[in-house]
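Here is a brisk report on one structure. Look at the fold first, then read the sections below.

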Amino acid sequence: MGGGKRFAVLLCAEDSEYVKKRYGGYYGVFVEMLAEEGETWDVFRVANGEFPDDEQVDRFDGFVITGSCNDARGNDAWICRLVSLLKKLDSLNKKVLGICFGHQVLSRALGGKTGRAISGWDIGVTTIHFSSSSSKLFSSLKIPTTLSIIECHRDEVRELPPKAEVIAWSEKTGVEMFRYGNHIMGIQGHPEYTKDILVHLIDRLSQRDFIADSYADDLKANMGKVEPDKDAWKKLCTSFLKGRL
């Protein structure tokens with residue numbers, strides 16, 4: 001596929017057997033959403049200590065940071081190393097898209113603060129509202145001022161990095177999206193998820209006693225009511241990552 005742009009997924013989660021089998025792991029889920037003909041996509045399993053070296057970093061046009069079960073405030077060796085890498089990517093003006101944990105750890109690397117959400121878990125399909133400035137930013141995409149997205153988090157960005165701008169919010173979460181310059185964007189929700197992946201995650205959370213079985217049952221019962229705007233998110237994420245805004 002050589003000759004085109006190169007992108008890397010910084011994988012911050014362990015793939016479950018189910019997601020590996022059905023989607024080729026979370027890397028496969030992101031490639032399905034973001035990859036276009038002629039591009040090269042690689043993966044670095046940063047949660048396992050696999051990072052690009054300086055020479056490799058230079059070769060990539062953009063990076064995507066995935067979700068994780070880990071805490072973006074944590075001081076595990078790989079999280080601290082990831083924070084250092086993100087500072088470097090900022091200094092090089094590389095395009096970076098952070099999703100969920102990726103959104104939070106980006107905020108941390110750039111000088112913001114994350115923490116447990118006061119409103120608790122946010123799981124399901126949520127409507128997010130774009131700010132007036134982001135409506136102008138995304139005007140060429142002709143997307144509406146609200147979009148539905150799949151959410152599965154209990155942490156959030158509490159304080160934005162200096163010079164960062166909130167570009168979307170929801171009833172539960174004040175910073176659903178932020179941008180930093182023209183090269184970095186964080187999204188709290190999961191534009192890459194299908195409802196099938198969400199059901200799988202809800203089951204895993206209840207099995208591990210992170211959420212009550214009754215709450216898990218309610219979430220699954222209500223899931224059919226709203227569909228995530230997957231096509232609009234795909235357009236928004238690919239346009240940002242590839243400099244088409």
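## Helix 7

The buried residues of helix 7 are Lys195, Ile197, Leu198, His200, Leu201, Ile202, Arg204, Leu205 and Ser206. Buried means under 20% relative accessible area, exposed over 50%, and partly exposed in between, with a 1.4 Å probe and protein chains only. These residues pack against helix 1 (17-23), helix 2 (25-34), strand 6, strand 7 and helix 8 (213-222). Contact here means heavy atoms within 4.5 Å. Helices (H or I, at least four residues) and strands (E, at least two) are DSSP runs, numbered from the N terminus.

Helix 7 covers residues 195-207. At 1.5 Å a residue, its 13 residues should span 18 Å, and the end C-alpha atoms are 18 Å apart, which agrees. The expected span is 1.5 Å times one less than the number of residues. Aspartate 209 follows helix 7, with a positive phi near 65°.

## Basis of the model

This is a predicted model: local features need pLDDT of at least 70, side-chain atom pairs count only at pLDDT 80 or more, and totals for chains, interfaces and linings use all residues. Residues are numbered from 1 along each chain as its sequence is written, and side-chain values use heavy atoms, leaving out hydrogens and water.

## Leucine 201

Leucine 201 sits in helix 7. Its relative accessible area is 12%, so it is buried. Leucine 201 touches Tyr26, Cys152 and Tyr193, not counting residues up to four places away in sequence.

## Helix 5

How many of the 9 residues of helix 5 are buried? The count is 8, so helix 5 is largely enclosed by the rest of the structure. Among them are Phe101, His103, Val105 and Leu106.

Helix 5 (residues 101-109) lies across strand 3 (62-65), strand 4 (95-99), strand 10 (177-180) and strand 11 (184-187). It runs at about 120° to strand 4. Axes are lines fitted to C-alpha atoms, for helices over the stretch in contact, and angles run from 0 to 180 degrees between N-to-C directions. Glycine 111 follows helix 5, with a positive phi near 110°.

An open sheet of 9 strands has the order 2-1-3-4-11-10-9-6-7, with mixed pairing. Strand 2 (40-44) and strand 7 (146-153) stand at the edges, each with a single partner strand, so one side of each has no neighbour in the sheet. The twist averages 25° from one strand to the next.

Two strands pair if DSSP finds at least two bridges between them. Strand 6 (residues 122-130) and strand 9 (residues 164-169) pair in the antiparallel sense over 2 bridges. Histidine 129 stands opposite tryptophan 169 in strand 9.
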